[in-house]
Amino acid sequence: MAKKRPQTKAKPQPIDGEIPVVGAREPCPCGSGRRYKACHGRAAAHAATELVQRPFEGLPGECDWVALRELVPAATAGLTLKDGLPEGVPSVTLATVLPMAWPALRRDDGSVLIGLQNDTASGDISRDLADTLRRALTAEPGTPVQGRRAPADGPRLQDLLDPEAAFEPVVHSGFEFWVPDAENATPEVAASLERANAAAIPTVRLAGVDAAYWCETPEKNHLRWVMPHPEEQLLDALARLHAAGRSSLGEGTRLVGSFRAHGLTVPVWDLPSGVSAEDVEKPAAEFAERLAAALAVREPLTPEERRARGGLTNRQVTLS
């Protein structure tokens with residue numbers, strides 16, 4: 001028979017009451033004598049595997065957060081902290097991606113850039129980003145912030161950001177926002193910018209509706225529209241419009257399916273290559289009115305609408 005583990009007396013605890021995160025096989029910092037993974041690391045491991053389906057829920061502009069995370073190559077948005085900016089930090093800016101895929105960067109002037117399109121160590125993107133943000137605020141100016149596993153009980157973005165502040169993304173044609181003076185960048189930085197810019201798909205955020213992004217590809221253009229409505233209700237409404245021949249955005253356009261990303265649904269339209277973002281502004285606003293009316297319908301779907309819904313569901317792709 002296996003030996004019984006000897007009973008230990010009261011476990012010594014750190015003075016400040018916080019248990020640092022260490023390697024799974026290292027002794028637990030609480031002083032129990034057990035490995036971290038068998039002690040306080042259990043909660044951390046659970047947090048690392050528990051997926052938060054809607055990590056940006058409750059943040060202003062949730063749909064735009066999803067778009068910047070999954071769809072938009074180059075964009076920035078200013079962030080407002082609940083407690084204001086610390087001394088020496090003139091601004092905090094969210095960026096879709098940073099050079100070398102850094103999680104964050106503290107610039108020479110003290111300002112902070114946070115990268116959104118990075119791999120995260122846990123199942124809660126919001127907690128990982130909040131941990132990166134807190135470390136960036138105290139990093140030495142002129143240094144990047146490296147990734148790490150966020151503490152399981154650490155704050156989330158919803159705890160750090162002002163819930164009343166507007167979230168207003170600015171889409172860029174390239175990544176010149178990486179450096180304050182792109183024209184006088186070093187040859188290495190200039191080459192990195194050139195490669196990144198060449199890979200960026202031209203993208204425009206529509207002005208007339210929320211979280212709708214036009215993009216240009218070699219064969220055709222697209223409109224990808226992140227919507228906040230519950231998925232089942234939204235698919236029903238789209239099916240009603242599709243069955244009635246009212247789901248397009250004008251001649252030559254068609255609703256082709258949708259993405260599923262971070263708990264939200266993203267309908268996608270194919271557009272002719274000659275249709276610009278400006279061209280689709282009015283049709284998108286008119287579609288928003290038709291969709292609102294369809295969302296209000298509570299009657300069961302007709303057989304034709306059910307077939308339309310099945311077609312839309314079969315063309316749904318999960319991004320996250």
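Author: Start with one term: buried means under 20% relative accessible area, exposed means over 50%, and partly exposed lies in between (1.4 Å probe, protein chains only). This is a predicted model, where local features need pLDDT of at least 70 and side-chain atom pairs count only at pLDDT 80 or more, while totals for chains, interfaces and linings use all residues. Residues are numbered from 1 along each chain as its sequence is written, and side-chain values use heavy atoms, with hydrogens and water left out.

Reader: Is Tyr213 buried or exposed?

Author: Tyr213 belongs to strand β8 (residues 212–216). Helices (H or I, at least four residues) and strands (E, at least two) are DSSP runs, numbered from the N terminus. The relative accessibility of Tyr213 is 1%, so Tyr213 counts as buried.

Reader: Which residues does Tyr213 touch, not counting residues up to four places away in sequence?

Author: Contact means heavy atoms within 4.5 Å. With residues up to four places away in sequence left out, Tyr213 touches Asp64, Ala67, Leu68, Val72, Pro169, Val171, Thr203, Val204, Arg205, His222, Leu223 and Arg224.

Reader: How many Å separate the C-alpha atoms of Tyr213 and Arg135?

Author: Along the chain, Tyr213 and Arg135 are 78 residues apart.

Reader: What is the order of the strands in the open sheet of six?

Author: Two strands pair if DSSP finds at least two bridges between them. Strands of a sheet pair through backbone hydrogen bonds, either parallel or antiparallel. Here the pairing is mixed, and the order is β5-β3-β4-β2-β1-β6.

Reader: Which strands stand at the edges of the sheet?

Author: An edge strand here has a single partner strand, so one side is left without a neighbour in the sheet. The strands at the edges are β5 and β6.

Reader: Which residue of β6 is the bridge partner of Ala75?

Author: Strand β1 (residues 75–78) and strand β6 (residues 170–171) are antiparallel, with two bridges. In one of them, Thr76 stands opposite Val170. The partner of Ala75 is Val171.

Reader: Which residue of β2 is the bridge partner of Thr76?

Author: β1 and β2 run antiparallel, joined by three bridges. Across from Thr76, the partner in β2 is Ala95.

Reader: Which residue of β4 does Leu94 stand opposite?

Author: Strand β2 (residues 92–95) and β4 run parallel, with four bridges between them. Opposite Leu94 stands Ile114.

Reader: Which residue in the turn between β3 and β4 has a positive phi?

Author: β3 and β4 pair in the antiparallel sense over three bridges. Leu105 is partnered by Leu113 in β4. The two strands form a hairpin with five residues between them, and the turn residue with a positive phi, about 95°, is Gly110.

Reader: Which residues cover the two faces of strand β4?

Author: In a regular strand the side chains alternate between the two faces of the sheet. In β4 (residues 112–115), both faces are covered, with every named residue buried: Val112 and Ile114 on one side, Leu113 and Gly115 on the other.

Reader: Which residues line the second largest cavity?

Author: Ala, Val, Leu, Ile, Met, Phe, Trp, Tyr, Cys and Pro count as nonpolar, Asp, Glu, Lys and Arg as charged, and the others, Gly among them, as polar. This lining has seven nonpolar, no polar and no charged residues. They are Trp65, Leu79, Leu94, Ile114, Leu129, Leu133 and Leu157.

Reader: Which element gives the most to the lining of the second largest pocket?

Author: This pocket holds about 320 Å³ of space. β3 (104–106), β5 (143–145) and α5 (187–199) each supply at least two lining residues. With three residues, the element that gives the most is α5.

Reader: How many Å apart are the end C-alpha atoms of helix α6?

Author: The expected span of a helix is 1.5 Å times one less than its number of residues. Helix α6 (residues 231–243) has 13 residues, so it should span 18 Å. The distance in the model agrees: 18 Å.

Note on methods. On a 1 Å grid over the protein atoms alone, a cavity is a set of points where a 1.4 Å probe fits but cannot get out, and a pocket is an open set with protein on both sides within 12 Å along at least five of seven lines; lining residues have an atom within 4 Å of a point. Grid points are joined across faces, edges and corners, and a volume is the space filled by probe spheres set on the points.
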